Amino acid sequence: MSMRALDVLIVGGGLHGLSAALHLARAGKRVTVLERSWVGRHASGASAAGVRTLNRPLVELPISLEAMDMWHKIEMIVGNDCGFNAGGQVRVAEDAKDLSVLERRFATVQGAGYHHEELVDRAELLRLVPAISPHCVGALVARRDGAADPHRTLLAFRRAAEAAGVSINEQCGVTAIERAGSDWRVRTEGRDFVAPVIVNAAGAWAGEIASMLGDNIPLGLKASMMMVTERVAPLLNPVVGVAGRPLSFKQSGQGTLVIGGGLQGRADIKTQRSFVDFDELAKGARAAVDLFPCIRFVRIVRTWAGMEAKTEDHQPVIGASPNGNGVFHAFGFSGHGFQLVPVVGAILADLILHDRTSRPIEAFSAKRLMKREAAA
Amino acid sequence: MSRRVDLLIVGAGPAGMSAAIIARRHGMDVLVVDEQIAPGGQIWRNVDAVSATSLGAVLGKAYTEGADVVSRFRASGARYQPRTQVWQVETGPKAFVTCGGVATAIEAGCLLLATGAQERPVPFPGWTLPGVMTVGAAQIVLKASNQIPEGPVWIAGCGPLALIYAVQLLKSGGQIAGFLDTTPPGRVSSNISKWAKATLNAPIDLMKGMSWMAALQRRVPFVRHVTEIEAIGSEKIERLRYVTASGESKVAAASLLLVHEGVVPTIHPTLALGCQHIWNSDQDSFAPELDTWGETSEPNVFVAGDGAGIGGAIAACLRGEIAALRIAAKAGHISDAKAATAAKPIRMRLKRALAPRAFLDSLYRPRPAVFMPTDTAAIACRCEEISVARILAQAGTGHPGPNQVKAFTRAGMGPCQGRQCNYTVAHVLAASEGRPVPDVGLYRVRPPIKPLTLDELSTLGTGGAAS
């Protein structure tokens, strides 16, 4: 077996791993993806697939806005529209208190020189979302935002990556990683893989992979819950969130209502299983029927929780490893990584190919989390 | 906010009622929840109201004898909550239910799932057309509201229920356009040793079955060894086409086609709980793995009745009684030794009740096209309208399991929650990938195990105040 047939090994067959693989393979690198179960098994497949710049932390905005431009031409990037519908994202205020929160956010974003968010009154909100409960008083809106279809996105990134020459190995979990001269030797349940560069995009298990590579990065776990209803007649086009409550509400292309908002279920990292907590999920149902009284009698058909890593400050880890030569991290997206997928792959390709990137990623260094651990 | 009971029984059919009677006899606090408006389950649906009427006579002795179990159940002191849907079960055991639009949680010392069986889905070209329904559904209408279809009915299938319903329909004054018997040729002769054992143990049941066959063959057009069926029509079924083993193909006018190819255990609840399951090759279905008392791999969760493997009403009652004895012993109401002694004669009766099963299972084993339609244009997932061909195409890309097929085709994502296509997808993948069906397995069950409305879920934990 040729031991040096590879330039980059990517650990994790989620969307971020696939995006990095795609960008690197198109730049001529020989890339292999190792996936423990199957492509998109956890967070990527369980995602609400919101494509959102609205209300993102300021440090994420530069790359998020670039990602949004990429989403608007996603078909040119991956050969499929990924079900992306730029119907906008709307963050609703239910009362004056909510509205003042949104006004402060609006002022902050404008002050920082960003103009993608817009404050709208009740009349414009009702025009954008006629089905919304009339008690709502206004909203913050990002009109170029929207949502995609997570499975179509996975399939598109997978096919594009494979077409660019990426080899994807499913049912191929990493058991150990060690140095082999200037390379890394990655042991899996099957064969070994050797490459000079490793991308750690292992999602909920990224902390484990990082420690194999010499980085001890403290990570928490998210198990955000989603529910999907039976199909209903067209109800709304934008994705709707609320200022004061955990709710994200949209209608898929198939007509089902997809309801999330970060309500947390339970996760068991060892058995790789996550569980829905219905007492918690009931809060989401209450928010949904409060905001959209007309959907009270629509039936919930499925619910699930997707497992993902979260960091202390809810910002991702993107960049070179502080300790492992040739190691690059992309994980810890803390429940809002879907929209960033196209740009993070480009960032990793920059770092791996050119040792640098023009995009601002200082806030996402692994070191910030490790320092805090040392100080604690 | 959640209630607590010693024993929560889901389902007030033969198994659930019998278990409740025994558990109450040993002083347990028992709650029985059931979706229907009256006890009886599918087999004895509405028996309370019907047994003494002329409809009772039409439905026969195997039906009316349920009235005795129902009256003993009503007198047992078990709390009975009808019109209640269990939409989630969890380790604990804990169950989530809705009743009257309000969702609540119930914690139980033990949980007995007596949720019975569902009819095996039968995909064939045109099976989703209006005017095509199952024999079981037609029988529900007969039992619940004494209604029979207007005009002549085609019945196609294999198994006791198709025969019983045909006889009941004739007795009620209904018309049968034809009976398409899909039992493959040579089934009796190739199972002669099982037949001998069965007749020794249950001579009356088998003679009854044969007399139904004889009566039907005399009174209605009876076509044997039908291998393929197709429903044809634009808005609804207008004609049906069938092919027999000898290659004969016929088209006939049809306004209603009832199909039935046996039943399979209801396993959504035990799948949701993460219980171990086994493949029953005699019944071509999965069933929860149970110990001799009916306890699953999940502690304090029991299964009795057809949900434990198809055995019929008498076996269901006996399995319910056996499970209740163990549950009473676990809760300290009787000693283990006493439970074992009390169970002994019940186990003997259970053995006799199950004796004809091997013969029936072999006789009525569905033909291959029931599992995998010959015409791949047939719909596999009727909620999302996904064809067998589409599943096959997906199977061609790598070696996907059912969950990936679901994610990428949407098969199994509709309101039936995969109940109508899970076995079909497993069989298609197995055939395509050259793997055994039990190795392919079924979709992972996502909660809730029954759909509930957003309004119902919104009441959980509020005691109904949010409603």
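In helix 15 of chain B, which spans residues 388–395, the buried residues are B:V388, B:R390, B:I391, B:Q394 and B:A395. These residues cover an arc of only 160 degrees around the axis, which puts them on the same side of helix 15 of chain B. Their packing partners are strand 20 (379–381), strand 21 (386–387), helix 16 (402–409) and helix 17 (422–433) of chain B. The model described here is a predicted one.

The domain assignment of chain B gives three domains: domain 1 (3–118 + 264–358), domain 2 (121–261) and domain 3 (372–440). Taken over C-alpha atoms, the centres of domain 1 and domain 2 of chain B are separated by 29 Å. Contact between domain 1 and domain 2 of chain B involves 10 residues of domain 1 and 14 residues of domain 2. On the side of domain 1 of chain B that touches domain 2 of chain B, helix 3 (residues 54–59) of chain B gives the most, with 3 residues. That side of domain 1 of chain B is made up of 7 nonpolar, 1 polar and 2 charged residues.

Chain B also contains an open sheet of 3 strands in the order 12-13-14, with antiparallel pairing. Strand 13 (residues 239–244) of chain B is paired with strand 14 of chain B over 5 bridges in the antiparallel sense. Within this pairing, B:R239 has B:A253 in strand 14 of chain B as its bridge partner.

Chain A is assigned domain 1 (8–48 + 151–219 + 313–375) and domain 2 (89–143 + 220–310). The centres of domain 1 and domain 2 of chain A, taken over C-alpha atoms, lie 29 Å apart. In chain A, 16 residues of domain 1 are in contact with 16 residues of domain 2. Helix 2 (43–46) and helix 8 (206–212) of chain A are the elements that give two or more residues to the side of domain 1 of chain A that touches domain 2 of chain A. By class, this side of domain 1 of chain A holds 8 nonpolar and 8 polar residues, with no charged residues.

An open sheet of chain A comprises 6 strands in the order 8-2-1-12-21-20, and the pairing is mixed. Strand 8 (167–169) and strand 20 (317–320) of chain A stand at its edges, each with a single partner strand, so that one side of each is left without a neighbour in the sheet. From one strand to the next, the twist averages 15 degrees. Strand 20 of chain A pairs with strand 21 (residues 327–331) of chain A in the antiparallel sense, over 4 bridges. In this pair, A:A320 is placed opposite A:F328 in strand 21 of chain A. Helix 10 (residues 341–354) of chain A packs on the sheet, where it touches strand 1 (8–11), strand 12 (197–200), strand 20 and strand 21 of chain A. The direction of helix 10 of chain A makes about 170 degrees with that of strand 21 of chain A.

A:R91 is found in strand 4 (residues 89–93) of chain A. The count of other C-beta atoms within 10 Å of A:R91 is 24, and a residue is classed as buried at 20 or more, so A:R91 is buried. Not counting residues up to four places away in sequence, A:R91 touches A:L54, A:N55, A:L102, A:A139, A:L140, A:G241 and A:A243.

Between the two chains, 22 residues of chain B are in contact with 24 residues of chain A. Helix 16, strand 22 (452–453) and helix 19 (454–458) of chain B each supply at least two residues of the side of chain B that touches chain A. Helix 19 of chain B provides the largest share of that side, 4 residues. The side of chain B that touches chain A consists of 13 nonpolar, 7 polar and 2 charged residues. Strand pairing also links the chains: strand 19 (residues 299–310) of chain A and strand 22 of chain B run antiparallel and are joined by 2 bridges. There, A:I300 stands opposite B:L452 in strand 22 of chain B.

Conventions: Residues are numbered from 1 along each chain as its sequence is written. Chains are lettered from A and ligands numbered from 1 in the order in which they are written. This is a predicted model: local features need pLDDT of at least 70, side-chain atom pairs count only at pLDDT 80 or more; totals for chains, interfaces and linings use all residues. Domain bounds come from an automatic or database domain assignment. Two residues are in contact if their C-beta atoms, placed from the backbone, lie within 7 Å. Ala, Val, Leu, Ile, Met, Phe, Trp, Tyr, Cys and Pro count as nonpolar, Asp, Glu, Lys and Arg as charged, and the others, Gly among them, as polar. Two strands pair if DSSP finds at least two bridges between them. Axes are lines fitted to C-alpha atoms, for helices over the stretch in contact, and angles run from 0 to 180 degrees between N-to-C directions. A residue is buried if 20 or more other C-beta atoms lie within 10 Å of its own, exposed if 12 or fewer, and partly exposed in between; C-beta atoms are placed from the backbone. The arc is that of the directions from the helix axis to the C-beta atoms.
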